[in-house]
Amino acid sequence: TLRKPISQSSMADWASKNLNMHTQGIFRRRISISNMLSWNGGSIKKPMLITSNRTIKKEACEMFKLVQSYMGDRQTRMDRNHVALVMVTKCWSMQGLRDELYIQLIRQTTDNTCYRSLAWGWELMAISLAFFSPSPKFQSYLEGYIYRHLDSDENIAQRIKELVDLKNKKNSKSRKKRKQNTEDEGLPISTYAKYCYRKLQKVAVTGGKKGLRKPTVEEITHARNAIVTPSLFGSSLEEIMLRQQDMYPGNKLPWVQTQLSQQVLALGGEQTEGIFRIPGDIDEVNALKLQVDQWRIPSGLSDPNIPASLLKLWYRELEEPVIPQQFYKECISNYENPDAAVAVVQLLPELNRLVLCYLIHFLQIFAQPSNVGRTKMDVNNLAMVMAPNCLRCQSDDPRIIFENTRKEMSFLRMLIVHLDTSFIKGLV
């Protein structure tokens, strides 16, 4: 569901308070906000946003050149993948640069008369959102900008034509002209905007790439491909099943769910103390995520906590939780009633029901007394660590969240103890 973005006047007010107004000419006249936020073919001498950090001031000007290089507006010897990697790594390592990059991308994708450059600017924004979020202060501004491009393809084509006509009138005798192109040289801008909008909602909550290892070229390529090819993580169950249709047409369950579950068991997870509670090494989990998204399970895994952590992440990042939102109230209302809790499962859409039953069947293996003795993870502990990955409380009230957390755990515990999942054994 799309939230109503901040108004145009609020965005203008934000810009007037936070933009580091530039000047031009020998009289140092201030550039207007509209010009500050329109495509620029030259360089900048100071950051776009107000900052007192000297390092940010220096890096911001260099980053603007990198943005221009990625978009094809400045010549460079580096390939675009490497340009993106340098930029993303800088911002990932230096939090103060992130908003600066996003405002620079907003500038360079506004009133841009070259469609290819425009598309590459949006592509870079999509890639960046895979690694880090803007600050909470800047998020609403970026969200408002992206929102206004969700259905803007006709307007963009018309605007480019108007700007090109205007420029041609002014520069009719000029020999040097920037390449103008209104033809479709890639995806529609609305496709990038819709992807960025969804990605922004998620990264604002998850916080982007974690761990100590810096971004890699492989991750940059993966982030770009995800614009067109939905990831196995963060998508809806329906999208995931549609994506695996060609490779595993007979599967009734998501490949990623069954494969990671089987890996946990194959590595002796049901005999590992603290399984699902002790997190796997975050960099190893990130590396496995990248491979799983390419339909590969490496053979060198040894720690069951790594696939276990990734499995929890997969459930948690689903666009809609395994138990859809419309069934949430019914779940927390029946957290003490075994029959009513089981009845809720039967009401779920078929795909959600199968995915949930597979998960419960999987957890029932760990709940067996012979395994609990080794893992120290009884049914209460299992319910505690898995409930947040299956149910999502929509309230912002801390008291309601706290109260519902207990009910969510109790509901999942009811399913682990009472749900008959014997039919799952022959199902993949």
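This is a predicted model: local features need pLDDT of at least 70, side-chain atom pairs count only at pLDDT 80 or more; totals for chains, interfaces and linings use all residues.
1. Taken as a whole, the protein chain has 20 helices and two strands, and its C-alpha trace spans about 85 × 45 × 40 Å along the principal axes. Of the contacts in the protein chain with a separation of 6 or more, 78% are between residues 24 or more positions apart.

2. As to burial and surface, 50% of the 428 residues in the protein chain are buried. The protein chain exposes about 21,400 Å², and carbon and sulfur atoms supply 51% of that area.

3. On cysteines, the structure holds zero disulfides. C331 is in no disulfide, and the nearest cysteine sulfur, which belongs to C390, is 9.8 Å away, whereas a disulfide would need the two sulfur atoms within 2.5 Å. C390 is likewise in no disulfide, with the sulfur of C331 as its nearest at 9.8 Å. C331 counts as buried because its relative accessibility is 0%, and C390 counts as buried because its relative accessibility is also 0%.

4. Regarding charge, the protein chain has 58 positive and 43 negative charges, and the mean positions of these two sets are 11 Å apart.

How values were computed:
Residues are numbered from 1 along each chain as its sequence is written. Side-chain values use heavy atoms; hydrogens and water are left out. Buried means under 20% relative accessible area, exposed over 50%, partly exposed in between (1.4 Å probe, protein chains only). Helices (H or I, at least four residues) and strands (E, at least two) are DSSP runs, numbered from the N terminus. Contact means heavy atoms within 4.5 Å. Accessible areas come from the Shrake-Rupley method with a 1.4 Å probe; for residues, only the protein chains shown count as cover. Lys and Arg count as positive and Asp and Glu as negative; His and the chain ends are not counted. The place of a charge is taken as NZ of Lys, CZ of Arg, CG of Asp or CD of Glu.
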